[in-house]
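Biologist: Hi! Could you walk me through this model?
Modeller: Happy to, let's take a look together.

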Amino acid sequence: MKLSKWLRGSLIILATLIFGLLVWGFIQLWDRHPGYNVDLTIKGKAPSTIKAGFAALSITPNVAETWIDANDDAEYHEKDGDTFTDANGNDRFDAYWLAGFDKHRAAAGVHDSLWARAMVLDDGDTRIALVAIDAIGFGSDDIIAARKLIPDSAGIDYTIVTSTHTHEVPDLLGLWGPGLFKTGINFKYLKMVREKIAEAATLAAARAKPAKFRIAQDLTGAANLVEDTREPTVFDPGLYMMQAIDIETEETLGTLAGWADHPETLWSKNLMVSSDFPHFMRKYMEEGIYDENDSLVVEGLGGTVVYVNGAIGGLMATRPKITVTDPLTGVEYKEASFEKIDAQGKKLAMLAMAALDSTAEELTEASISLVAKSITLELQNPLFRLAAFVGVLDRGMVGWMKTRSEVAAWKLGPASFIHVPGEIYPEIVNGGVEKPEGQDFDIDPIETPPLRELMRGKYKFVVGLSNDMVGYIIPKSQWDDEEPNTYGRSSSPYGEENSLGPETAPTIYKAVVECLEKLEAL
């Protein structure tokens, strides 16, 4: 039986489309950095004076095309009567799509600048850079691309790139665009961010000067500013600070400050580009705090503050239900507003500076020891697989649905650091992993003992969203994607839908433990 010309032609067209789709998908999955692998073990030499350098470069987008949200739903839809300003006359809305919360959320302006802030430390043998960017996350492929832009003359042995995870910035992962199958990435902006990361690291290295350090922590003062929205209730509320001071001038070169909270206090209706509360925390720590009469209340540290996030999985957030009280005026803020993030940043800055003033330990000589390694993670999440295949999630693979990621651990005197590539749950860090009834896998907790128990030194910095962004890192024994649900829930909790899969936490935990064990043996 012969096929009609119409049917034969239709089949040829269909086969061509399917073949083209497959080719397109496999192109999206290609490894952007073939053969790239991190396997570093550096043993610190005899303690000596450490050089420190800092830099801050703007990565603020130029939001030239703004828009009017006709129905106040914080989503751009022409069908709702939303209109935009066509600044370049091309009859197209050239939007910056904001990451976090929902798709279709286009920036309507800029409230405060975004930054790539770098700290470089050099013990005479080893030079490391830590660059924190105001982004919801930055993928491994783009971090590697940024590293490759750093000139050899900068002398940097290892560069860590971490994201503050603010939800009020341009999408750099692709997941929050104008539609289900449309990326949210502005690739010109992405290129600029890569370049600024490299420039900031290079500039900080060039500015490195002999320094002494003041290291402090406040493990409880900020606890009332954050909420754990998923059982079991485990927090990582501590503030961790490391201030570098020029030995010759006694001036502050910069300060590393870490805390664990989603910078999303402005919440889902905000359409202005902002780094959220880290903006005000950094501002007040650098410049000081003044009252309404412009009288200095708390003197600033000076220098450049580099803010890093911690164990924010779970989900750690300052939701609208949490009241933030301005520590100077006593005014209480509950609903999301810029005044609320101002008060929150002010409170955090005051706590951080008070700890540095009253309890800091001084470090004059030390050495850097470091262990870092590439790891492979399985992309098990079916929605992420589809997003990667069609190019919405801009991420390469090192095998079939296997992606490259990275972990690291290092120490400097009484301070130790671990870097994990996503939003790790605090119970993995501080303890409290459970085996709840209704779990998807009938297993005992795997991610034990807690990572901080394995870290050495008095000051234990846990930096999330480092060298990659893989979403939530959920204890496998608490994984809950299918009914019956854990803790009496009527549905699956938020978290699993934004995780690579249930093997993510065990794989990352094992890799970090191996780094810590190797670091301890040096």
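**The open sheet**

Modeller: In this predicted model, an open sheet is formed by 5 strands in the order β1-β21-β22-β23-β25, and the pairing is mixed.

Biologist: Which strands stand at the edges?

Modeller: Those are β1 (39-42) and β25 (459-463). Each has a single partner strand, so one side of each is left without a neighbour in the sheet.

Biologist: And what does the twist average from one strand to the next?

Modeller: The average is 15 degrees.

Biologist: How many bridges join β23 to β25?

Modeller: There are 5 bridges between β23 (residues 415-419) and β25, and these two strands run parallel. On β23, S416 stands opposite K460 in β25.

Biologist: Nice. Which helix packs on the sheet?

Modeller: Helix α9 (residues 504-521) does, touching β1, β21 (368-378), β22 (402-412) and β23. The direction of α9 makes about 160 degrees with that of β21.

Biologist: Changing topic to pockets: how much space lies in the largest pocket?

Modeller: About 910 Å³. The lining of the largest pocket has 39 residues, and L175, W176, F384, E497 and N498 lie nearest its centre.

Biologist: Where does the largest share of that lining come from?

Modeller: From helix α6 (residues 382-390), which gives 5 residues to the lining of the largest pocket.

Biologist: How do the lining residues divide into nonpolar, polar and charged?

Modeller: For the largest pocket, the division is 23 nonpolar, 7 polar and 9 charged.

Biologist: What volume has the second largest pocket?

Modeller: Its volume is about 360 Å³. The second largest pocket is lined by 17 residues, with R92, F93, W97, P178 and K182 nearest its centre. That lining divides into 7 nonpolar, 5 polar and 5 charged residues.

Biologist: One more thing, strand β16: how many of its residues are buried?

Modeller: For β16 (residues 304-309), 6 of the 6 residues are buried, so the strand is largely enclosed by the rest of the structure.

Biologist: Which way do the residues of β16 point?

Modeller: T304, V306 and V308 point one way from β16, while V305, Y307 and N309 point the other way, and all are buried. As a general rule, side chains in a regular strand alternate between the two faces of the sheet.

Biologist: And which strand do 6 bridges join to β16?

Modeller: That is β12 (residues 252-259), and the two run parallel.

Note on methods
Residues numbered from 1 in each chain as written. Predicted model: local features only at pLDDT ≥ 70, side-chain atom pairs only at ≥ 80, totals over all residues. Heavy atoms only, no water. Pairing = 2+ DSSP bridges. Helix = DSSP H or I, 4+ residues; strand = E, 2+ residues; numbered from the N terminus. Axes fitted to C-alpha atoms, helices over the stretch in contact; angles between N-to-C directions. Contact = heavy atoms within 4.5 Å. 1 Å grid on protein atoms, 1.4 Å probe; cavity = no way out; pocket = protein on both sides within 12 Å on 5 of 7 lines; lining within 4 Å. Points joined across faces, edges and corners; volume = space filled by probe spheres on them. Nonpolar A, V, L, I, M, F, W, Y, C, P; charged D, E, K, R; others polar. Buried < 20%, exposed > 50% of the residue type's maximum accessible area, 1.4 Å probe, protein only.
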